[in-house]
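Q: Please take a close look at the nonpolar core of this model, and then relate the core to the side-chain links and the surface around it.

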Amino acid sequence: MNNTDYSLDNRQWLVLLASGLSALLALRIVALGLNQTDLFFDEAQYWFWSLEPAFGYYSKPPLIAWIIGLSTSVCGMSEFCVRLPSPFLHTATAIGVFFIGRQLYDIRTGVISALVFATLPGVSLSSGIISTDVPLLLFWAVALYAFIRLTETRSWWPALLLGLAFGAGLNAKYAMAWFVVCTVVYLVMTPERRWLAWDVRLYAALGFGTLMLVPNVLWNLENKFATLSHTADNAKWGGPLVHPQKALEFFGSQFGVFGPILFTALLIICWRAMRQKLPEADRLLIAFSVPVVVFILIQAFLSRAHANWAAVAYV
């Protein structure tokens with residue numbers, strides 16, 4: 001009988017992670033260089049904003065314009081340079097996913113999760129364009145890792161990291177606010193972690209992150225709440241509030257964003273979670289995933305929702 005052990009040690013798993021992400025990054029940079037398409041409407045709008053740095057813009061917070069401005073100032077003024085931050089930021093997000101998986105489970109889970117995230121259909125498509133979801137996903141991953149460490153230690157450094165990531169995420173896209181909703185859901189689902197509801201570090205982190213949005217709020221005050229008005233207009237709650245076909249469209253689109261196998265697996269996990277108690281790590285990930293999908297599904301039923309609106313759920 002052959003008892004040879006083919007399992008990888010920690011160093012080999014890290015080599016696999018580094019080589020896999022490096023190869024994907026190089027491939028995506030080459031693909032960007034060969035891409036001859038003009039900027040799409042939203043990309044062109046973000047680039048135009050980047051020419052005049054500000055604390056806010058018509059439809060989005062300022063971070064996307066700052067990122068493009070930094071890239072074009074170093075790389076040059078071209079479609080390639082406008083989009084170049086995207087594959088780098090997605091690679092950084094995959095590394096964040098690795099740290100989450102390793103912290104909650106083991107190094108094997110972390111590496112596989114990072115490589116799977118980096119090759120998701122939505123991420124593969126997003127790596128060839130520049131959008132507000134790109135930095136949002138990165139800061140969501142960093143914030144989630146910081147939150148996990150906050151539950152495991154009495155140190156203040158996870159609170160500082162959480163605050164910075166939460167604030168940066170809000171300046172990337174207001175959808176970062178879902179993190180607060182998911183935190184509440186997690187504390188409700190996990191009685192043994194409810195002591196966090198009385199932990200000053202959590203409130204300090206979220207408060208600090210919110211303060212980082214103050215310049216954008218002041219900009220909105222000076223500009224008749226342009227960004228907030230556009231965000232509210234996107235929700236389109238002014239007409240009839242029953243659109244089952246829109247809800248079905250959004251639900252079906254998630255099989256494309258997350259992948260048919262992974263989204264089906266997520267649905268099976270949710271079904272099991274209703275029938276049996278899951279390990280704490282699983283419950284934490286469900287709390288920071290499923291509520292976003294559910295709330296956006298409700299939004300789609302009431303009005304409409306784009307396929308990417310629940311993107312943070314898949315970190």
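A: Phe 179, Phe 288 and Tyr 314 touch the most other members of the largest nonpolar core, which has 68 residues. A nonpolar core here is a set of buried Ala, Val, Leu, Ile, Met, Phe, Trp, Tyr and Cys residues joined through side-chain atoms within 4.5 Å. Buried means under 20% relative accessible area, exposed means over 50%, and partly exposed lies in between (1.4 Å probe, protein chains only). Helix 8 (residues 133-150) gives the most to this core, with 11 residues; helices (H or I, at least four residues) and strands (E, at least two) are DSSP runs numbered from the N terminus.

The model is a predicted one, in which local features need pLDDT of at least 70 and side-chain atom pairs count only at pLDDT 80 or more, whereas totals for chains, interfaces and linings use all residues. Residues are numbered from 1 along each chain as its sequence is written, and side-chain values use heavy atoms, with hydrogens and water left out.

Leaving aside neighbours within four places in sequence, Phe 179 is in contact (heavy atoms within 4.5 Å) with Trp 140, Ala 143, Leu 144, Phe 147, Leu 162, Phe 166 and Phe 288. A second, separate core has eight residues, including Tyr 46, Trp 49, Ile 68 and Ile 130. In soluble globular proteins, nonpolar side chains tend to be buried together.

Nonpolar side chains also form a surface patch of about 590 Å², made by Leu 211, Val 214, Val 217, Leu 218, Leu 221, Phe 225 and Leu 228. Patches are made of residues with over 30% relative accessible area and no salt bridge; like charges are joined within 9 Å, and nonpolar side chains (Val, Leu, Ile, Met, Phe, Trp, Tyr) within 5 Å. Accessible areas come from the Shrake-Rupley method with a 1.4 Å probe, and for residues only the protein chains shown count as cover. Helix 12 (residues 214-222) gives the most to the patch, with four residues. Leu 211 lies in helix 11 and is exposed, with a relative accessible area of 58%.

Turning to charged pairs, a salt bridge is a side-chain nitrogen of Lys or Arg within 4 Å of a carboxyl oxygen of Asp or Glu, and by this rule the count comes to seven. Glu 43 and Arg 83 form one of them, with the closest N and O atoms 2.9 Å apart. Glu 43 lies in helix 2 (residues 41-50) and Arg 83 in helix 4 (residues 79-83), so this pair ties together parts that are 40 residues apart in sequence. Both Glu 43 and Arg 83 are buried. Glu 280 and Arg 193 form another salt bridge, with the closest N and O atoms 2.5 Å apart. Glu 280 lies in helix 16 (residues 280-287) and Arg 193 in the loop between helix 10 (178-189) and helix 11 (200-211), so the pair ties together parts that are 87 residues apart in sequence. Glu 280 is partly exposed, at 25% relative accessible area, whereas Arg 193 counts as buried at 18%.

The structure holds one disulfide, a pair of cysteine sulfur atoms within 2.5 Å. The disulfide joins Cys 75 to Cys 81, with an S to S distance of 1.9 Å. The torsion about the S-S bond is about -60°, so the disulfide is left-handed. Cys 75 is partly exposed, at 34% relative accessible area, while Cys 81 is buried, at 4%.
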